[in-house]
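The entries follow the order in which I went through them.

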Amino acid sequence: MSVAYEAVIGLEIHVQLITQSKAFCADSTAYGALPNTQVSPISLGHPGTLPRHNRSAVDYALKMGLALGCNITKENHYSRKNYFYADLPKGYQITQFNTPICEGGGVNIRLKDGSRKTVQLIRIHMEEDTGKSMHDQDPRDSLIDYNRAGTPLIEVVTAPDIRTGEEAYAFVTEIRRLVRYLDICDGNMEEGSLRCDANVSIRPIGTSTFGTKVEVKNMNSISNVRRAIDHEIERQRGILDAGGAVAGETRGFNALNGTTFSMRSKEMVNDYRYFPEPDLPPLILSDQYIAAVHKLMPELPETLFNRFTAELGLSEYDAGVLTDDKATAAYFLEVVKHTANYKSAANWVTVHIRGYLNEHAVGIDDFPLSGKRIADLIALIDSGQVSNSAAAQKLFPAMISHDGKSPLELAESLNLLQTGDADLIESIADEVLASLPQKVEEYRQGKTGLLGLFVGETMKRSKGKADPRKVNEVLLKKLGA
Amino acid sequence: MKISEEKVRALAQLARLEFEGEAMEQIRADLDNIVAMCEQLNAVDTEGVEPLIYMTDAVNVLRDDVVHQDISHEEALRNAPAKDSDYFRVSKVIDQNK
C-alpha cells in the first residue's frame, strides 16, 4: 500500500536590481553590451581597490522589505563569501550573512481554487552578481564576460511553506508583479533578471521531520518553476515508493522534456568561510531614512486589489486582471476618476481595451485614448444615448482612429445615437404588438418570457437606435394594459 | 590543536592547491606552527571586547547611482594571462564547486 506524501518546498529568488550602476562601483549594468566593456578594477577584483555601496541598491532592497512587511535591520554589515570560480574575480562574493537587511515578512498568494495562503519569508539580503561563463563556445577554454559581475541583487529566501508547484508558481508570479510595481527589477526570467532555485523534499503526510532535500535550478520561466517542482515531487515519490532513498543533490531542469537531471552531489559540503567585509563600513538605517524611502513607494497590487474589491465592488477576477501590472491599474484609476460606474470601467479596461492591446501587441502605455475619454464613453452608454453593442463595435474603434473627437461627436456622425423619443418608440411598439397578436395573447396568459421577443423586435425595427430601457418600459406598460 | 592530513586536504581543496608526499608533511607541520602561534592569543581576556572589523568609525559611505566607465575594454583585458579580443579565457571549468 502506497504512502501519501506531501512536498516541502522553499524558494530562493535572486532579484537583479535595475540600478544604473553596479552595487559597489560605477560600471554600467545595461544588459546586452559587448563583453567586458562594463568593467572596472573594482568589478575585476584587482588588488588595492575599494568598493562603495550604491545608495539606490540599498533603497530598492528597503522597498522590497517594506512592501513585504519585513523587519528592517538597522545595523547592516557585509560579509565575504569565499569560493573559487572563474566568474567571481575577487574569489569572494560580497553578501550579507549575519545581518540581512530584511527579516521575516510574507507574501500573500491566491490559488486557482480561490483559497489564499501566506508564504513566510526568512530573509532578504543584499549581494552582488557574478560574471557569466560560456563553456560551449570553444573546445578548450571557457570564455568569461564580467559585464554582469557586481550587479546588485537581493535574494529572497522563503520558509519551507510551499507545498505544490502551483503555490510556487503563484509565489513567483506575486514576487515578479511586486518588483515591477516597485520598479526595482524588470522581472525578466528569460534574461535572468529574476532567478528562482527551489529546495524540494517530500515526507509522509502527518510527519513533521523533513525528507532529504534536492535543490532544483535552471528554471527560466514561471511555468517552468511549476513544471520542475511537480516533476521533482513525482520523481522523489517514485524513489520512496520503490523503497529507495532520495539523494541530497543539485538538479537542473530540462525544459525540453520537463525532467530534472543531476548536476552535482552535495557530498562535498561547501565551506564558504564567511567573514566580515572590512572594506565596506557598516550601513546604519535610521527610522527617518526608512520612512523617506517608504514615502516613495507606489500603492501595492494587494492594496489596490483589496480597494477594487471592497470599495469599488469589483469581482476578484476583474480586480486581479486590473492589478496584474502597474500601468493597467493606473489606467483604470484614471478612468474611475471620471466615472462612478466602476463595473463598466473595469469591463472596458479588461475586455475591450485589453482586446485591442493584445490584437495590436502594444502595452497600455501606448494606448491612444485617455482614461477621461473612456469615462465619457461610459457616460454616453449610461445615459442611454448609445447602446453597449454599438459602443463596443463601432464607437470604440472610431474613437481610436479619430482620437481628438469626443465620443458624442463621433456617435452623431456615425448615426449611432439612440432615440429616447417616446412617441417614436410607442408607435414602433404598437406596430410590433399588432403584428404578433398570438404571442401577445400567450404573454397575457403568463408566458412573460416573451417580453424579450417584443423588445428585440422593437429594437430591430428601430434599427438599433431605440434605447432598450425605454423600449422595455413602454412595452411593459402596453402589455400590462 | 594538531592539524590532520585530512584537514590539510580540505584546505588544499578550498585553495585549489595540491600537496603530496613530503610537501604534505611540510605544509601540515607549518600549519601546526601557525595555529600554535595564533593560539597564544587565547591567553588574552577578551570578555566584553567588541571585535574590531573596521579601521575607521565611518558609517554609511554610499555613492550615488551614477555610471562612470573608468577603463577601456583593452585595459580591462591587458593583464589577463589568457584572452581573446572579447573575453577572458580560462581552462574549461565544469560546474563543480560553486
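Below are my entries on domains, aromatic pairs, pockets and cavities.

**Entry 1: model and domains.** I noted at the start that this is a predicted model. I looked up how chain A is divided and found domain 1 (5-289), domain 2 (299-413) and domain 3 (422-480).

**Entry 2: aromatic pairs.** I counted aromatic pairs over all chains and got eleven. I then took up Y272(A) and Y274(A), which pair edge-to-face with 6.1 Å centre to centre and 70 degrees between the planes. The angle is over 60, so I filed the pair as edge-to-face. Y272(A) has a relative accessible area of 18% and is buried, whereas Y274(A), at 29%, is partly exposed.

I next looked up Y356(A) and F367(A), an edge-to-face pair with 5.5 Å centre to centre and 70 degrees between the planes. Which parts of chain A does this pair tie together? Y356(A) lies in helix 8 (residues 342-360) and F367(A) in the loop between helix 8 and helix 9 (371-382), so the pair ties together parts eleven residues apart in sequence. Y356(A) and F367(A) belong to one aromatic cluster with Y331(A), W348(A) and F396(A).

**Entry 3: charges over rings.** I checked Y92(A) and found K90(A) over its face, 5.2 Å from the ring centre. I also checked Y169(A), where the charged end of R226(A) sits over the ring at 3.9 Å from the centre.

**Entry 4: second largest pocket.** I read a volume of about 690 Å³ for the second largest pocket. It has 20 lining residues, and R110(A), T173(A), R177(A), G320(A) and D324(A) are the closest to its centre. I asked which elements supply at least two lining residues each. Those in chain A are strand 8 (106-110), helix 2 (165-182), helix 3 (222-241) and helix 6 (316-322). Helix 2 of chain A gives the largest share, seven residues. By class I noted ten charged, seven nonpolar and three polar residues in this lining.

**Entry 5: cavities.** I found two cavities of 30 Å³ or more. The largest cavity holds about 50 Å³ of space, and its lining includes L17(A), F24(A), H53(A), M126(A) and E127(A). Strand 9 (116-128) and strand 12 (152-158) of chain A each supply at least two of its lining residues, and strand 12 gives the largest share, three residues. I recorded eight nonpolar, one polar and one charged residues there.

For the second largest cavity I read a volume of about 40 Å³. Its lining includes H53(A), Y78(A) and L280(A), together with N60(B), V61(B) and L62(B).

**Entry 6: one residue of chain B.** I looked up I27(B) and placed it in helix 2 (residues 22-39) of chain B. At a relative accessible area of 22%, I27(B) is partly exposed. I read 9.8 Å between the C-alpha atoms of I27(B) and I3(B), which are 24 residues apart along the chain.

Notes: Residues are numbered from 1 along each chain as its sequence is written. Chains are lettered from A and ligands numbered from 1 in the order in which they are written. This is a predicted model: local features need pLDDT of at least 70, side-chain atom pairs count only at pLDDT 80 or more; totals for chains, interfaces and linings use all residues. Side-chain values use heavy atoms; hydrogens and water are left out. Rings of Phe, Tyr and Trp (its six-membered ring) pair if their centres lie within 6.5 Å; planes under 30 degrees apart count as stacked, over 60 as edge-to-face and the rest as tilted. Buried means under 20% relative accessible area, exposed over 50%, partly exposed in between (1.4 Å probe, protein chains only). Helices (H or I, at least four residues) and strands (E, at least two) are DSSP runs, numbered from the N terminus. A charge sits over a ring if NZ of Lys or CZ of Arg is within 6 Å of the ring centre and within 35 degrees of the ring normal. On a 1 Å grid over the protein atoms alone, a cavity is a set of points where a 1.4 Å probe fits but cannot get out, and a pocket is an open set with protein on both sides within 12 Å along at least five of seven lines; lining residues have an atom within 4 Å of a point. Grid points are joined across faces, edges and corners, and a volume is the space filled by probe spheres set on the points. Ala, Val, Leu, Ile, Met, Phe, Trp, Tyr, Cys and Pro count as nonpolar, Asp, Glu, Lys and Arg as charged, and the others, Gly among them, as polar. Domain bounds come from an automatic or database domain assignment.
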